[in-house]
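Good morning, everyone, and thank you for making the time.

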Amino acid sequence: MRRFPSLMVLAALLAWPALALAATYKDVPVVDVNCSKKATANPDAHTRDCALQCASSGFGIVTSNQKFLKFDAAGNQKVLSELKASSKKDHLRVNVTGEVQGDTLKVSSVTLL
């Protein structure tokens, strides 16, 4: 009987980090991995044509603190579809939700703005 409260506390402590990793980013620049280092300074100047040309490298976002988070494979496919369907030339921004795992964002949803 005494184990039950201890197990509940342990379960809550183990679940806490998973909850803290969920993230939502709104109106953030999306850039391909190849151009991520040079585009971090001015990501809105990065063009759709370049992003599509470098699509095989994958995509990610530039956060407000200038950190680049790569998308997982599913996120890359989702944003590639959005880019192909878009007529925007530059100023590529997205709303994205997912789970941060190191320097990668496991994307659950992404919408090109």
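How many salt bridges does a search of the whole structure find? The search finds 4, where a salt bridge is a side-chain nitrogen of Lys or Arg within 4 Å of a carboxyl oxygen of Asp or Glu. Before the individual pairs, a word on the basis: this is a predicted model, in which local features need pLDDT of at least 70 and side-chain atom pairs count only at pLDDT 80 or more, while totals for chains, interfaces and linings use all residues. Residues are numbered from 1 along each chain as its sequence is written, and side-chain values use heavy atoms, with hydrogens and water left out.

Let me begin with Arg-93 and Asp-27, whose side chains meet in a salt bridge at 3.8 Å, N to O. This pair links distant parts of the chain, with Arg-93 in strand 4 (residues 93-101) and Asp-27 in strand 1 (residues 22-32), 66 residues apart; helices (H or I, at least four residues) and strands (E, at least two) are DSSP runs, numbered from the N terminus. Arg-93 is buried, at 17% relative accessible area, whereas Asp-27 is partly exposed, at 43%; buried means under 20% relative accessible area, exposed over 50%, and partly exposed in between, with a 1.4 Å probe and protein chains only.

The next pair is Lys-70 and Asp-103, whose side chains also form a salt bridge, at 3.8 Å from N to O. Lys-70 lies in strand 3 (residues 68-71) and Asp-103 in the loop between strand 4 and strand 5 (104-112), so this pair ties together parts that are 33 residues apart in sequence. Lys-70 is partly exposed at 32%, and Asp-103 is partly exposed at 39%. Turning back to Arg-93, salt bridges that share partners join it with Asp-27 and Asp-44 into one network.

Arg-48 pairs with Asp-49 in a salt bridge, with the closest N and O atoms 3.9 Å apart; here Arg-48 is buried at 16%, while Asp-49 is exposed at 55%.

Finally, where is Thr-40 placed? Thr-40 sits in the loop between helix 2 (36-39) and helix 3 (48-53), and at 14% relative accessibility Thr-40 counts as buried. A polar atom of the Thr-40 side chain lies 2.4 Å from the backbone oxygen of Ser-36. Leaving aside residues up to four places away in sequence, Thr-40 touches Val-62 and Gln-66, contact meaning heavy atoms within 4.5 Å.

Terms used:
Polar contact = N/O pair within 3.5 Å; in protein donor to acceptor, adjacent residues only side chain to side chain.
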